[in-house]
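Here are a few exercises to work through with the model open. Try each one before you read its solution.

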Amino acid sequence: MSNNNATSVPEAYPMNGGDGTYSYTKNSSYQRAAANVAKTLIDEAIAEKLDIEDFSSASSNAFRIADLGCSVGPNTFACVQNIMEAVKQKYGSQMPDFHVFFNDHAANDFNTLFASLPPERHYFAAGVPGSFHGRLFPEASLHFAHSSYATHWLSKLPEEVTNKNSPAWNKGKIYYTTSPDQVFNAFAAQFRTDMAIFLEARAKELAAGGMMVLIMQTIPDGIHQSRIPTGIMFDFLGSILMEIAKEGLISEEEVDSFNIPVYTTTPNEMAELVERNGSFSIVKMESTSPWLKVGHIVNNTPQKLARELRAGMEGVFKTHFGSDIVNQVFDRLNDKSGQLINQLESSHRQGTQLFLALKRK
């Protein structure tokens, strides 16, 4: 199926593939903790609100689940298993076959994903390459869509933040944490555009009564970006880049033309975007705190935090700066990880994850 909504190919910065030292497979404990925190909420949402009266109305007698932004595993398999168990608990012997679609950008390491599929799985598996900022599936073909720690990635960087003639030029910084309002507004506008497209596409793909669960990094209403872990970590990476620039290994212009294409939304903003879309009802929205669960882990092993950041962020850095500078950045991050931990200890960790369960009207 062609994607008539897309005018350009969205930017793609997949997590590190394979199973090496800096792979996402071996360095995604925060995302795993986040999924574990959400498990009970998913169970409750499915038990209370999932309502698929006629499975055959969605093309065939199968319950179809899509994990959007699945990366390379193993977290996606645990999430899918949790969803399946909750659905089975509700429908019992009436359950049809399960068909699971693992989606991510075409540049994702699907080979590692498929090689690590659980051998005893009780579902049919398929890969769906492509951006979720647009249509991926036929109309009304899904019963349940899930996305964890993926929708904060923007489809593209707002052009004005790297344009020196724009009031939103983010000179000397790689994120909007402590930038002027114009920079923040550019990121926010891009996110709202992306999320509107995302919700419109999922509204077409989900059958009536189907559900979608989004697990997202969030910032509590009223808390400044500079106080949450994400903002602190990205600013720390930016300071390392400026340090490298001052040593002449890269130019400051190269830093000025680079920003991390990520946006952290608020609960109120997401509620407004869902309401504006009009196709979903919010059945459960709750802020959770996985940083409180994993803080003792990263505090005791600072280098582990450095590896996890590299597994998730190396792709976007390498695309802009190349492999040699990437090694410089993350080697220095490893050396300075104790300093980063000290900064994170005073961060606001409460309510930095949003659980949002939606039901297709």
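**Exercise 1.** Find the salt-bridge partner of lysine 204 and say how far apart the closest N and O atoms are.

*Solution.* Start from the side chain of lysine 204: its partner is glutamate 200, and the closest N and O atoms are 3.3 Å apart. That passes, because a salt bridge needs the nitrogen within 4 Å of a carboxyl oxygen. Next, look at the spacing: the two residues sit 4 apart in helix α4, so about one helical turn separates lysine 204 from glutamate 200. Finally, zoom out: searching the whole structure, which is a predicted model, turns up 12 salt bridges.

**Exercise 2.** Work out how helix α4 packs against helix α7: what are the angle and the handedness of the crossing?

*Solution.* Take α4 as residues 181-205 and α7 as residues 267-277. Their axes lie 10 Å apart, at an angle of about 45°, which means α4 is oblique to α7. As for the hand, α4 and α7 cross in a right-handed way.

Now list who touches whom. On the α4 side you'll find Ala188, Phe191, Arg192, Met195, Leu199, Glu200 and Ala203. From α7 come Glu269, Met270, Leu273, Val274 and Asn277. Sort them by class and the α4–α7 contact has 8 nonpolar, 1 polar and 3 charged residues.

Notes: Residues numbered from 1 in each chain as written. Predicted model: local features only at pLDDT ≥ 70, side-chain atom pairs only at ≥ 80, totals over all residues. Heavy atoms only, no water. Axes fitted to C-alpha atoms, helices over the stretch in contact; angles between N-to-C directions. Parallel < 35°, antiparallel > 145°, perpendicular 65-115°, else oblique. Left-handed = near helix turned anticlockwise from the far one by under 90°. Contact = heavy atoms within 4.5 Å. Nonpolar A, V, L, I, M, F, W, Y, C, P; charged D, E, K, R; others polar.
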